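I opened this notebook page to record what I looked up in the structure. The entries follow in the order in which I made them.

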Amino acid sequence: MDEIGVRELKSKLSETLRRVEAGQAVRVTSRGRTVAEIVPPRDPLENEIDPELLKMESEGRITLSRIPRSQRPGPEPTKGKPGKTGTELILEGRAERF
């Protein structure tokens, strides 16, 4: 992680932000003491993903898709009606087709 003083950050803010945008983290110091860290934004999909699934992915137990749902092929998933089991929903779906 690169380090930059507050005074230098003020004069090179645009350049520093370009470095962060490129994926580099920067530590900001004031009189030799760390006061902040500027880091690239996290994956926006992480905000939508259950933390338990993220843990399983970090352990290598599963692989999560990084394609936003709006860009995935096929129809949008639908939520079932509350109180019905998966089997009941499947049977209803089959009945609607015939």
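This is a predicted model: local features need pLDDT of at least 70, side-chain atom pairs count only at pLDDT 80 or more; totals for chains, interfaces and linings use all residues.

Is Thr29 buried or exposed? Thr29 has a relative accessible area of 9%.

Entry on the surroundings of Thr29. I placed Thr29 in strand E2. I then listed its contacts, leaving aside neighbours within four places in sequence: Glu3, Ile4, Gly5, Val6, Thr34 and Val35.

Entry on the sheet. I found an open sheet of 3 strands, ordered E1-E2-E3, with mixed pairing. E1 (2–5) and E3 are the edge strands; each has a single partner strand, so one side of each lacks a neighbour in the sheet.

Entry on the pairing of strands. Strands of a sheet pair through backbone hydrogen bonds, in either the parallel or the antiparallel sense. I looked up E1 and E2, which are parallel and share 4 bridges. Here Ile4 has Val28 in E2 as its bridge partner. E2 (residues 26–30) and E3 (residues 33–38) run antiparallel and are joined by 5 bridges. I noted Val26 opposite Ile38 in E3.

Entry on the hairpin. E2 and E3 form a hairpin with 2 residues between the strands. There I found Arg31 with a positive phi near 55°.

Entry on the helix. I saw that helix H2 (residues 13–21) lies across E1, E2 and E3. Its direction is at about 145° to E2.

Notes
Residues are numbered from 1 along each chain as its sequence is written. Side-chain values use heavy atoms; hydrogens and water are left out. Two strands pair if DSSP finds at least two bridges between them. Contact means heavy atoms within 4.5 Å. Axes are lines fitted to C-alpha atoms, for helices over the stretch in contact, and angles run from 0 to 180 degrees between N-to-C directions. Buried means under 20% relative accessible area, exposed over 50%, partly exposed in between (1.4 Å probe, protein chains only).
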